[in-house]
Amino acid sequence: MNKTLLIIQREYLTRVKNKRFVLTTILMPLLIVALIAGTTFLSIKGKDERKIAVIDNNDFFKGNIKSSPQLAFEFPDKVDTSNYLQKGYTDIILIPKLGDTEKTTYLIRSKKRISITTESQISERINAAIEDHMLQTAGIDKAQLDSIHKQSQFAELKAVEESEGSVKESSAGLSYGIGFGSGMLIYITMFIYGAMVMRGVMEEKTNRIAEVMVSSVKPFQLMSGKIIGIGAVGLTQFLMWIVLIIGLTTAAQAFVPHDVMEQVKNLQQANGQLPGNNMVQAGEAAQQIYKVQHTFSTANWPVIITCFIFYFLGGYLFYAALFAAVGSVVNEDPQDAQSLMLPITMPIIFSFIIMTNAVQDPSTPMAVWASIIPFSSPMVMMARIAYGIPGTVPYWQLGASMLSLIGGFLLTTWLSAKIYRTGILMYGKKVSWKEMFRWAFRKN
Amino acid sequence: MALLTSQENKHTFENNLWLMNTLLELSHLKKHYATQKAVDDISFSIEKGSIFGLLGPNGAGKTTLLRMITGIFYPDSGHIRFDGKDFDPANDIIKIGYMPEERGLYKKMKIGEQALYLAQLKGLSRSEAMDKIRFWFKRLEMETWWNKKVEDLSKGMSQKLQFVTTVLHEPKLIILDEPFSGLDPVNANLIKDEIYSLAQRGSTLIFSTHRMEQVEEICDHIVLMNLGKKILDGTVSDIKQTFKENKFAIQLAEVPAGLSATSFEITEQKANRLTVKIRDGYRSNDVLQYLLQQNLTIEAFHEVLPSLNEIFINLVEGTRATSRAFQTVQS
């Protein structure tokens with residue numbers, strides 16, 4: 001059997017057979033689901049409940065401030081700043097007589113300090129009450145006002161995207177989610193698998209197996225075998241995650257009552273014909289499920305997944321070679337690794353920052369250039385691709401980005417191989433970046 | 001014309017004969033690092049089936065030289081011929097087994113898997129490798145080790161495993177760099193016996209060390225290196241003859257006071273045992289004659305050959321002094 005294949009096989013199997021790999025692969029999606037469910041649950045349940053006593057000197061707030069279980073406004077008698085806590089109120093608001101034109105300041109007193117979101121909610125609701133009062137004094141009667149308020153949203157914004165003559169529905173929220181999610185995933189895996197390559201090389205060097213190995217195989221075979229083997233481990237992990245996620249969502253659908261699913265199906269079939277009427281007929285749960293499904297269907301998944309795999313592999317290969325070079329020059333002391341890694345981790349972290357900007361605004365010159373330069377392209381391009389090809393990302397940009405990434409990893413591999421070749425057989429001496437640079441650029 | 005051709009033929013024939021017996025020939029090998037000449041113009045050749053000793057103090061350039069012979073490094077200049085052809089690392093690497101001084105194993109791997117992996121990397125098929133591993137594990141009493149992990153092995157045990165993985169693929173050339181370091185006497189003897197039997201079965205061995213007593217015992221031919229240069233080349237007995245200092249050990253029943261003659265000087269005296277150096281122009285017989293004339297009872301009389309260790313230290317000290325002097329002149 002081919003020697004590089006043998007090395008790939010060993011690197012792959014020893015890691016995939018490891019208990020830790022099996023555990024993280026299975027637990028990671030469960031953990032993410034649990035994390036999302038948990039935070040959602042906490043944000044609903046664990047909210048700060050406030051019961052506020054309002055002392056009003058205007059006589060029009062009573063019954064006009066919107067109250068909710070979390071934020072209740074009451075207008076009790078015989079309550080003032082001295083006894084509101086005893087009477088069971090968390091806060092007390094004192095509203096003086098409002099002026100006509102100038103801004104009026106009112107006070108809220110509490111024992112437990114109010115949060116910034118509660119503060120803005122209170123201010124919003126009181127302002128709304130004042131606005132209503134002003135509209136009423138201007139001549140709009142109560143019934144009219146109520147009927148306007150009943151309709152919560154007057155119009156819904158629907159974004160469509162030009163694509164080859166026709167228009168296609170798109171969702172900025174989903175694009176943001178996919179862009180940020182995939183960029184983040186590449187960022188994390190670059191660190192995880194890059195560090196894995198580095199540790200693998202360090203292990204070979206500190207265990208003194210490197211010289212035994214290079215008497216049988218070329219250093220380049222050893223390095224590339226390790227990089228490819230670990231990359232395959234990463235791909236396996238992703239594929240298993242995708243399978244698990246699809247499995248979990250299918251399993252979750254089994255828990256949805258049958259009639260709700262029927263309604264969802266009706267909604268799907270009715271899509272584009274009479275959505276308004278169908279929406280009314282379907283229950284709220286079915287509407288929610290339909291909405292999620294519908295939003296997800298607007299993304300071009302095959303293109304996104306293909307690009308993701310390309311940029312994951314490209315970015316991994318680009319950086320893994322550099323991590324291998326660093327691993328090869330480190331001696332016993334892991335602190336050396338820390339300082340030598342810095343020039344590699346810095347561009348990754350910078351790319352992450354650019355990615356978080358690009359995902360909000362995918363067409364700035366910064367985002368465009370960063371998505372073409374191989375140092376940052378894996379993350380930044382994924383952030384932009386979610387917004388659509390060729391709408392947001394023209395074909396030439398995608399092509400240039402892919403080609404420069406391929407060229408980039410060939411270059412880093414070539415340079416790293418030269419450092420690696422010398423580094424793995426060098427013991428005891430601390431190697432500087434200057435020396436590594438010299439090894440990388442010397443002839444033969 | 002015809003005569004010339006036949007002479008040429010004869011010449012080539014002799015050449016071939018010589019080549020047939022030579023496994024490895026190094027000529028004018030050089031390898032320089034940025035700051036030092038690690039190997040500086042080294043030439044020698046190694047006969048098939050011999051046990052060859054490569055000696056030198058730490059930093060002499062032995063490891064660099066071995067790395068060139070194993071194809072890990074390319075020489076800056078010079079030439080290597082291996083098995084009658086120009087050395088081609090890509091193909092010849094499987095004919096060489098190298099146990100480097102800095103050696104180790106994958107800690108988390110099982111012994112059996114590890115041996116199998118290394119054997120396959122040397123080009124053996126899986127089934128071939130399995131057969132050979134079984135053979136060697138049985139021979140060195142390692143059969144029960146198969147499922148153990150390397151991290152559970154003692155240093156001596158992993159040393160044995162490394163030896164097995166080095167010779168498993170029956171290489172023509174076996175290179176062992178400090179093979180006995182860390183081995184207890186029992187296992188050291190076991191490996192020593194294996195080295196002899198490998199040589200008997202036609203393998204050629206290069207044995208690199210700075211432990212002289214092992215070399216004296218095992219090696220047919222040695223090369224001594226220091227500071228990247230070859231300073232000695234020959235068989236162990238020839239070298240001892242060359243460096244002998246005409247010293248003799250004499251054991252007398254009784255040593256009288258004031259023993260002295262023109263033919264020798266006493267360099268050392270321990271009770272009734274004398275070490276003498278014969279002066280230039282005299283022979284051992286002159287000493288014996290003198291002793292007989294004195295009517296002394298001679299219990300033993302034999303030549304003292306220098307140990308390789310002494311020769312080694314003298315030569316190394318010598319080159320160090322020269323190089324120091326050279327450096328002073330330079331600066």
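These notebook entries record what I looked up in a predicted model with chains A and B.

**Entry 1: domains of chain B**

I began with the domain assignment of chain B. It gives domain 1 as residues 23–240 and domain 2 as residues 245–304. I then looked up the separation of the two domains of chain B, and their C-alpha centres lie 45 Å apart.

**Entry 2: the sheet in chain B**

I next turned to the strands of chain B. Four strands form an open sheet there, in the order β2-β1-β4-β5, and the pairing is antiparallel. Which strands stand at the edges? They are β2 (37–47) and β5 (85–86) of chain B. Each has a single partner strand, so one side of each is left without a neighbour in the sheet.

Strand β4 of chain B, residues 77–82, pairs with β5(B) in the antiparallel sense over two bridges. For B:Arg81, I found that the bridge partner in β5(B) is B:Asp86.

I also noted a helix against this sheet. Helix α2 of chain B, residues 62–69, lies across β1 (22–32), β2 and β4 of chain B. The helix α2(B) runs at about 120° to β1(B).

**Entry 3: a helix pair in chain A**

Two packed helices are described by the angle between their axes and the distance between the axes. I looked up both values for helix α7 (residues 219–254) and helix α11 (residues 301–329) of chain A. These helices pack at an angle of about 140°, with their axes 10 Å apart. Angles over 145 degrees would count as roughly antiparallel, and 65 to 115 as roughly perpendicular; α7(A) and α11(A) are therefore oblique to each other. The crossing of α7(A) past α11(A) is right-handed.

I listed the residues that make this contact. From α7(A) they are A:Met223, A:Lys226, A:Ile227, A:Gly231 and A:Gly234. From α11(A) they are A:Leu313, A:Tyr316, A:Leu317, A:Ala320, A:Ala321 and A:Ala324. By class, the residues of the contact of α7(A) with α11(A) are eight nonpolar, two polar and one charged.

**Entry 4: where the chains meet**

Finally, I examined the contact between the chains. How many residues of each chain take part? I found 15 residues of chain A in contact with 17 residues of chain B. On the side of chain A that touches chain B, the elements giving two or more residues are α1 (3–16) and α6 (210–214) of chain A. The largest share, four residues, comes from α1(A). I recorded the make-up of this side of chain A as seven nonpolar, four polar and four charged residues.

Conventions
Residues numbered from 1 in each chain as written. Chains lettered and ligands numbered in written order. Predicted model: local features only at pLDDT ≥ 70, side-chain atom pairs only at ≥ 80, totals over all residues. Domains from an automatic or database assignment. Axes fitted to C-alpha atoms, helices over the stretch in contact; angles between N-to-C directions. Parallel < 35°, antiparallel > 145°, perpendicular 65-115°, else oblique. Left-handed = near helix turned anticlockwise from the far one by under 90°. Contact = placed C-beta atoms within 7 Å. Nonpolar A, V, L, I, M, F, W, Y, C, P; charged D, E, K, R; others polar. Pairing = 2+ DSSP bridges.
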